[in-house]
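Subject: Structure handover

Hi,

Here is the structure we talked about.

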Amino acid sequence: MKARPTQQQPSKPKSGPHAPQVKTLAVNRKARHNYEVIETFVAGLVLTGTEIKAIRAGMFSLSQSFARINNGEAWLHGMAIQPYEQGNRYNHEPERVRKLLLKRGEIAKLIGKTQIERMTLVPTRLMMVRCWVKIEIGLCRSKQLHDKRESIKARNAKRELARAVKKFKD
């Protein structure tokens, strides 16, 4: 007797207990204010044991960090992770350069955008996906002063509209 070929069902996005749990640890709001984010990429971070423990404890800062591509590899500069309190002689350096884990095609795309079009790589969000620390890198263009003012005006107008709608409903 011949076995029948089975038809493969299209994959659905996972939801429920087996879906990857994503927990946002930090959002770089200053990056959204100073830069116009064109595209985002999610990258893994190469960290040591005490760095993971310090990140879980919330002892880090994204505010002065940026990414660069050197020799076909992506590196994160300026992300401060404070030394872990219970870490002994194996503790890490707070301001060390950390490697980003991206696919080769993504790195090639980023090389073209950053060198030719003069864009910047800025971390926008740090998150935990299951047990791994991931970072969202934004391909950004710097905002001029008038662009920042327009953003502030649009945000204030949106806030005023929400207040008016809320007052109208009450």
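Helix 1 (29–34) and helix 4 (145–169) each supply at least two residues of the lining of the second largest pocket. Helices are DSSP runs of H or I, at least four residues, and strands are E runs of at least two, numbered from the N terminus. Helix 1 gives the largest share, 3 residues. The lining is Arg29, Arg32, His33, Lys143, Ser151 and Arg155. By type, that is no nonpolar, 2 polar and 4 charged. The volume is about 150 Å³.

This is a predicted model: local features need pLDDT of at least 70, side-chain atom pairs pLDDT 80 or more, while totals for chains, interfaces and linings use all residues. Numbering runs from 1 along each chain as its sequence is written, and side-chain values use heavy atoms, without hydrogens and water.

The largest pocket holds about 300 Å³. Strand 4 (66–70), helix 3 (104–116) and strand 8 each give two or more residues to its lining. Strand 4 gives the most, 5 residues.

Pockets are open sets of points on a 1 Å grid over the protein atoms alone, where a 1.4 Å probe fits, with protein on both sides within 12 Å along at least five of seven lines; lining residues have an atom within 4 Å of a point. Volume is the space filled by probe spheres set on the points.

Now helix 2 (49–56). Its buried residues (under 20% relative accessible area, 1.4 Å probe, protein chains only) are Thr50, Glu51, Ala54 and Ile55. They fall within an arc of 140° seen down the axis, so they line one face of the helix. Just after helix 2, Gly58 has a positive phi of about 85°.

Best wishes

Conventions:
Buried < 20%, exposed > 50% of the residue type's maximum accessible area, 1.4 Å probe, protein only. Arc of directions from axis to C-beta. Nonpolar A, V, L, I, M, F, W, Y, C, P; charged D, E, K, R; others polar.
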